[in-house]
Structures are given as structure tokens and as C-alpha cells.
Amino acid sequence: MPDELTEPQIDATVERYVLELARYERVAEIVADQLRRELRAGQQRHLLSFRAKHPEDLREKLRRNRDDPKYAYVLLARNINDVVTDLAGCRVVVYDPEASKQVDAIVQDRLPHAGRPDDREIHDKPSGYRAIHHLVRLGAGPEMLSVGGAICEIQICSVAAHLFNELEHDIRYKPVATPVGADETELLEQLLSVTHLTDSMVRHLERHRREEVHRRTAPLADPGELRYALEQLAGRPLRGDFVRLYRLLRVVFEPLTSAVLESKGSVRQALQRGETAARDRNLDIVDDVIFFALGIMEVHRLVRQFHAVAQSWRGPDTALKLALLVAQRGPTTESEREAGDE
Amino acid sequence: MFGNRYHAVDVFANDLSEVSAIRRRRLPAGLTRADKFWRRFHVTKNGKVYVLDLISGTGVARLARKETAPEPSPPPSRGGGAIAGGIAGAAIAAAVSKKGGAWPAGLLLGLLVGHALEKGSTAIPHQVVPRYVFTLRFDRATQQWQAYDGGLTDWMKSALAAT
């Protein structure tokens, strides 16, 4: 079994690394550039950082692992990067922990693997450390002579996990001479719980936001969806001819979405406005659909358009049709006069 | 029609006799070429100048006010003069293809195109910003455009929605 690393061997390794430090800085920068391009294309919100390992951090790592056969001096001397795979490092911190999976997929699909068994590791350690680690290796083309073959480690984690990871690492490993007390251990555990909770809340918030955006922006496919959307926004059941209302609205809006229904005020406001307009025009038969049509007609200045659609409706005169035809005879608003005719 | 709410009207290229004439490299009265590729034309009516665009690859012909007509898309890669009739012919063919074989004879549809509901709004990526439109059908009996809310409304909005 190889002997543990001696202090002179650690010194020699660190001194050799210092001479190569610029190489690993360049490696990290190149990988970060490629990550930046790929992540921008994938539209992931993230924070990206990169660095070459500080020589003193390497020294501390070698001291912590001096008994590990993987860190044998002969292996370090042969190729330090094969042993210490995070000499060049990039970190991608995402806001939504769910986005870690997408970044993980991007790194797997788009960046060159190192070709090692530990190319990809998902860490969820008893210490609380959470991150996905990838090892990538730069190609060895003629333009990459100084960096070809170098390994770079990519860490992916959420903002909350990153906060814990960094604090936990600093407290447990630095300074070496000060052991971690019971109080600090308990506080770290509480912090870990808070970061898990934060991740969970961010996950829920993002999902809720996506669902809300979809609800508001997905086209309403039929009168039933229109009715459902209006009743949700009004907060109560509504009465009236939703088939005709749907046909009316899709003539003048594209796409017809929940967001359109509230683009110039709430549905409740539109209903109140329409109710006032119906009363002003002494309409005999009214319902919620008529109120909404009149309300949205006013605020969007669609009097002539709605009148034209109502005129095109064949068959017996419905209450909605009559209401829209009567509306045309109402006083013209200032904005309607300004519009004018071509 | 409806004032300044709408800035253009889109129709299927094969519905316009002017486009058929353009395919034969014959400009109808009132039409002048506005580019060397036979994609954009100026139309003068009632003393006002409008722009007629054959929008590449869509089968759509758009008539817009001159002051609101956007710059045309980059020219086709093939030589302009040689494909003068080709662009119009391609537009007609694309329109016929979109409509399909079961298109009701004599049905002429159009779409008035207006601005976004919230002026100055910027689209979130992958989201379409709602805008004002008005779906039309040409009534040959009255020679007037009428409102159209029939079964082809949703289809025609997507088929005629030229960028």
C-alpha cells in the first residue's frame, strides 16, 4: 500500500501546480464560455462562475486525503489533473431546483465527457451537501495545445443548496485548527432544513407561475372554455349565450385567451360596466353574457365591430343580437369619433 | 373600415385577380412595382397609396397603408427578374395548398390586422401577444366585405396570420 503523502510531497505538488495555474484558469474560462452559450440557448436563469483552484485549497485537500491511496504521490506526479479533477472548476447555480435537471441534461448532451467512471455524480451527502458534478475534458486539437486533455469539474446546484454547501464547507474545513462545536452543528442542521424548504417553495412558486401563465395565454378552444374562464375570473356562475359570445370574441381577438378577457380591467368591472350600459339603453332582456359583451365593447372600442358581427347573424333575433344592434345607436364616444372612417 | 384600428388586410393570394395578373407579368391599372422582385407593389386608391405584399411561402397577400407597411423580408436567393412570375405563382400555389381540395367554391375570406392589445408590449419568449383582428367574408351579391364568424374562423386566423 502506498505511503501517505508527506508534507514535502504536498509542497512539491503544490509548487508544480502553481506553475500550471494559468493553464487551469484558461481551461475553466473555456468551459465557462461554452456553458454560457449553451445555457443561454436553453433560456435557463442561472449564475455562472469559474475558477482555477487556489494553491492553498489544493494543499488543504491533499492534507485531508493524505491517507487515500487515490492520492498517492506517484499518481499526482504523473498527472495531477487525473487525481484532483477540480483544479479547473465551473459552477452553475440555478434559482429553481427543477432547473438543475435541465442544466444537467444540457451538460450531458452538449459538453465533451471526460471519459471516466465518475463523469457524472449526484451528491446528496449526509453532511447536507447537494449538487450534481460533471467532469468534462477539453479536446486536444492543434489550437488547444496548452489546455488539451485537461479536465474541468462542473457543479450544478440551486441557490439555496449553494448557500449551505459553501457555509458547511467553510465551517467544517476552515480553519483546520478550530473544531466545529455542538451549537454550530445544530445551526448547520437548521440551515439545511431552511434551504430544503426554500428549494421546495421556489419549486412550487415556479410551477404555479408556469400554470398561471399557461392558463392566461393558452387560446380558449370553445364556448365551454370561455364560460369556465369568465366564471373563474368573475368568481361566480354566469348566465347567457356563451356560444354566440365565443363566436363574437374570436372574430375580434387573436388569440382569444383568458388574458384578453382581463386586458382592460377585470371581468367583474366589465360586467358592471355592461350592466350600466344595458340600463342606459333600456334593454328588456339581459343576462351576464350581454353585460360582458357590452362592457368589453365599450372599453375596447369595438362598437362597430360587434354591430357588424351581430348583423351577420342569421335566424331569429336573440337578446344578445338585439343588445349589440341597439348599442350601435347609442351615443358615440370621443374615441370612436377620433377613429373616423377611411 | 373601422377607422385606424387596423393597418392591413390579409387575403389568400389566389383570391386576388391582381395576383393572377402579376403571375403573367401584367400589372393591372393602379398597380406599380415597388421592388425588382415582383413581391411588393403600390396601389393607389382614392388618392391614397397602399402597399400590396406577396408574403413569401405563406400564400398570403397583404394590403397595408404605406406608412405602416413593414420593410419586406430579405429577397429570394434566386435571380429576381427571372422569378417575377414565380413569386406570384408560388403564392397562388401556397394559398391553394392551404385551402385544400374541399374549399367551398366562391368563398373569399380576409383578415383585418390590428395592433397588439397592449401597445408597446413585448412578447415573452414563446408567447403570442394578443392583437385586434377582424375576420371577413366577401359577399359577392352585395360586393361588400361582411363580418365572418363561421366554422373556418379559427383556421383562417392561423392561415392568414402573416408576420
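Helices (H or I, at least four residues) and strands (E, at least two) are taken here as DSSP runs, numbered from the N terminus. The structure is a predicted model, in which local features need pLDDT of at least 70 and side-chain atom pairs count only at pLDDT 80 or more, while totals for chains, interfaces and linings use all residues. Residues are numbered from 1 along each chain as its sequence is written, chains are lettered from A and ligands numbered from 1 in the order in which they are written, and side-chain values use heavy atoms, with hydrogens and water left out.

Most residues other than glycine have a negative phi, and most peptide bonds are trans. In the loop between helix 11 (267–280) and helix 12 (288–300) of chain A lies Asn282(A), which has a positive phi of about 55° although it is not a glycine. Accessibility is classed as buried under 20% relative accessible area, exposed over 50% and partly exposed in between (1.4 Å probe, protein chains only). By this rule Asn282(A) counts as exposed, at 63% relative accessibility. In chain B, a positive phi of about 60° is found at Arg25(B), which is not a glycine either; this residue belongs to the loop between helix 1 (17–23) and strand 2 (31–33) of chain B, and its relative accessible area of 47% makes it partly exposed.

The contact between the two chains was examined next. Counting as contact any heavy atoms within 4.5 Å, 31 residues of chain B touch 29 residues of chain A. The size of an interface is often given as the accessible area lost when the parts come together. For buried area, meaning the accessible area (1.4 Å probe) that two parts lose on being put together, summed over both, the value for chain B and chain A is about 2,500 Å², with 46% of it on carbon and sulfur atoms. The interface also holds 14 residue pairs in polar contact, both residues being at pLDDT 80 or more; such a contact is a pair of N or O atoms within 3.5 Å, where within protein one must be able to donate a hydrogen and the other to accept it, and residues adjacent in sequence count only if both atoms are side-chain atoms. On the side of chain B that touches chain A, two or more residues each come from strand 4 (48–55), strand 7 (131–139) and helix 3 (153–160) of chain B, and strand 7 gives the largest share, six residues. This side has 14 nonpolar, eight polar and nine charged residues, where Ala, Val, Leu, Ile, Met, Phe, Trp, Tyr, Cys and Pro count as nonpolar, Asp, Glu, Lys and Arg as charged, and the others, Gly among them, as polar.

Strand 7 of chain B also takes part in pairing, which requires that DSSP finds at least two bridges between two strands. With strand 6 (residues 253–254) of chain A, strand 7 of chain B pairs in the antiparallel sense over two bridges, and Arg131(B) is the bridge partner of Glu254(A). Within chain B, strand 7 pairs with strand 8 (residues 144–147), again in the antiparallel sense, over four bridges, Leu136(B) having Ala147(B) as its bridge partner. These two strands form a hairpin with four residues between them, and Gln143(B) in the turn has a positive phi of about 55°. At Glu254(A), the peptide bond to Pro255(A) is cis, with omega near -10°, and Pro255(A) is located in the loop between strand 6 and helix 10 (258–261) of chain A.

Side chains of opposite charge can pair when their charged atoms come close. In one salt bridge, Glu254(A) meets Lys157(B), with the closest N and O atoms 3.0 Å apart. Within chain A, Asp199(A) and Arg130(A) form a salt bridge at 2.8 Å, N to O; Asp199(A) lies in helix 7 (residues 182–217) and Arg130(A) in strand 4 (residues 130–137) of chain A, so the pair ties together parts that are 69 residues apart in sequence. Both Asp199(A) and Arg130(A) are buried.

Terms used. A salt bridge is a side-chain nitrogen of Lys or Arg within 4 Å of a carboxyl oxygen of Asp or Glu.
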